[in-house]
Amino acid sequence: MTAATEHRRLQLLLATVCLVVALCAGVWALSRPAPVPVDSVAFRLEQAQRAAGSPVWSTAVPVGQAVNLPDVWRRQTPKISGVQSYHFVLPPARWSGPSAVYIPRLGNRARVWLDGELLASFGDVELGQQDFTPRPLLVTVQLSAAGAAGGVASTPTGSPRRLVIEVAGSATRFSGLSDVWWGPAVELEARHAARDALLLTSTGLAGGGSLLLGSLGLALAAWRRNVLLVFFGLAGLAAGTRALLWIWREPGIPYTAWYASLDACFGLWACCIAWFALRVAEIRLPALEWGLRGLMLLMVPATVMAALDISTRPKEIWLDSTLVLAAVITLMLVGRAWRRPDGVSIALALGAVTVVTLSGVDHWNIFFSPDAGAYTRPYFSHHMALLFGVFMAASLAARFDQAVRAEQDLRRGLADEVRAQRQELETLYARERERLESQATQRERQRIMQDMHDGLGAHLTGLLTMVQRGAVSPGELEREVAEALDHLRLTVDTAGLEGATVTDVLAQLRFRLEPRLRKTGLVVQWSLDDLPGALSVEQTSHVQKLVLEALSNAMKHAQASTVVVAADRLGGLRRVRIQDDGCVVWHPEATLPSVGSHRGQGLASMRARAQALGAVLSVSVGDGGGTTVALIWPEEATPPAT
Amino acid sequence: MVWTVGVVEDEPSMRDKLVRALGTDVRWKTVFAVGTVAEARARFSAGQAAPDTLLVDLGLPDGSGLDLIAEARRHWPQCECLVISVFGDEERVIRSVEAGAVGYILKGQGDADVIEHLGYLREGGSPMSPAVARHLLRRVAPTGSARKASDSVSGDRTVASLHDLTQKELEVLRLLARGEPYESVARLLGVTVNTVRFHVKGLYSKLGVNSRQKAVLEGVRRQLIPAAPPGPSEP
């Protein structure tokens, strides 16, 4: 284990502890009952007579069952639903001015009666299409309008005033009645406004924040085509919608639909964050995934049954199972963060701890808390959703950061790899070039040696023989030496003609030979058209030697007086012609010499050179005598491999 | 008029042959004939008057004839340097001209040929092989620009570059590149052989100027040489 990992684990521990402490402190602060002003003169009504159905005003004395407030219907055995009337006998007033009845919480709709007179309605008790559960209610009492002096607590006949709160609701919606306050309107209005504002503001902000995060997530998901961001966006939208639905007093849609929407949003949110967390943490546990799918399936009947007021049991099972599964996932996320304490894992673990802590608090308050005050405590599920959304965003940011770093590392690695590969290629290329150069040098050396042997060497040897025999005149000697020198110059020229065309080669040949040919009396007519196609040094040498051989033959053996050297194009062909007017020394069809072995060798050598050029060599005889040697080959000829 | 000649040739027989050939014609006078770079340099430092023509062999025992040509151009700006070459091949000719030579003569010619050739060189230019002509054409090809033929006489030759070739010079070059001899070029263009030689000398001169200009520009580009105008002693 590295020191860095150890350090990150300590950070994780510290952050978890701090988070849990902060959450608990927040929950405690928000769950405390609103402080009662020291100068309060209002009465807190903690007991009532509860009777099923709407109030009956024929009896003077309240009838029914004495209950302590808050009275939570879901906690009763059997659970209570329908319409219940709570009867209070108001204590004598000790204030002047308008009075008020303040109800921190009830469920789900209500009518408030005073001495048989209807003071206020919250929703339609009979129809059951509204829900006023989460928000505090206030009813201002204008007793003077009822025919009595303001501020007194008795009827004009002197009997105590009777307050009846008729509650219509369902155990599924956490119905019941909190404690009720009876006091001066000024004081109770202030307390009602403070609680309502706190609830609206905190829930509104949490819902709005979740909607914003969700929208951003979905926009990013559409842009980046990323499934994880889809989960993130849907979770945010579901949580935000649920928060806004929850504080919406009269949504204008059927109650059942509204109720089902609330649960569906919660279910969607829970599933999305679970999938998101598992995917980001790369936890692939089939049992867990099947569990999640099972919960999604269970959610539908549980919600429908609760919404239709059939039974809350399936929903309770579903909620309990969800919480258990959330706890398991949280443990796995924390475990993963412990094993691999990177930014992504830590953000996910802290988010999961937040969810489990706050939903545990809600669950405790709703289902298990023995404290009567739990009924009026706020829900934290909306804040929990926003907080988890923030942690999700943090984990995505950390993941993005990781991806950027990984990409940078990859780029660096690739650049290093490319550099290494390039270096290797350059080395290989240099070696290959060296090898090719060496081969080319070797070939060129061989060519020069061959040229020296066949040209200069042969001349010098012949010359030596002539000198040794003493049968050489100064003129002959000069001619032979000049010829040897020309051969040497042609050999040197060949090296400089790399990439030259046939025309260039013939032009250089003409330049070298013309002065000497002129002295011999032989008339050479040159007709050189521009022929395309670059020749290699070897090809240049072949063309040069082939034409030289033909010229030499015309001059020495055929006794010609005129020779035409022509280069022209024939369709897609290149043609070089050497035509003399001398006697015929080569048989046109011969591959073997017709006269003399030297001439035969000359023809064979010319054929070999033509073959090396990929060309056709033709030797023809004119009607009036003379020989035409023609070399023909395509403009794009590829010489045979040597 | 007598033309003075200096000879730098390490091979005694060749050197003697040249001196002998020059001695057969009253128009020529050999002022010195030496065999090494050091001996030739001694002539510069001794303040000897510049000969009209300097014949230089490239392969000298104590140095390169190319370096000697460059030095001679500095010390004797009016002197025309000619290279004595066995092969007259493209590479050596171009390097010589770029060093400052105005032409070359081939070894292995008869005495009369040498004198005739030197005469041509004084009158016009040395032979231009098709390979050298081809090389020049390749150098001109990127711009393909050419001035009118009339500019060839009035143009300032000392600053002319290859891009300033006249139309006539281009035509001469193309014919030479096809191996046409001077006589044939003259006939085809309807001018005298001397005019062709004149053009060839101009072409060699431009090749040399162009190379030196390129070297200076390259030096300025690399900031090795200050971009100031050359001093008055520079040719």
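I take contact to mean heavy atoms within 4.5 Å. With that rule I looked at chain A: among its contacts between residues at least 6 apart in sequence, 74% join residues at least 24 apart.

Ground rules for myself: this is a predicted model, in which local features need pLDDT of at least 70, side-chain atom pairs count only at pLDDT 80 or more, and totals for chains, interfaces and linings use all residues. Residues are numbered from 1 along each chain as its sequence is written, chains are lettered from A in the order in which they are written, and side-chain values use heavy atoms, with hydrogens and water left out.

Next I checked burial in chain A. Of its 642 residues, 46% count as buried (under 20% relative accessible area, 1.4 Å probe, protein chains only).

Then I turned to where the two chains meet. I found 22 residues of chain B in contact with 18 residues of chain A. Together the chains bury about 1500 Å², 50% of it on carbon and sulfur atoms; buried area is the accessible area (1.4 Å probe) that two parts lose on being put together, summed over both. B:Phe87, B:Arg134 and B:Arg178 supply 38% of the area that chain B buries against chain A, more than any other three residues.

Last, I looked for charge pairs. The rule finds two salt bridges across this interface (a side-chain nitrogen of Lys or Arg within 4 Å of a carboxyl oxygen of Asp or Glu). I noted B:Arg134 with A:Asp504, at 3.6 Å from N to O.

How values were computed
Buried means under 20% relative accessible area, exposed over 50%, partly exposed in between (1.4 Å probe, protein chains only).
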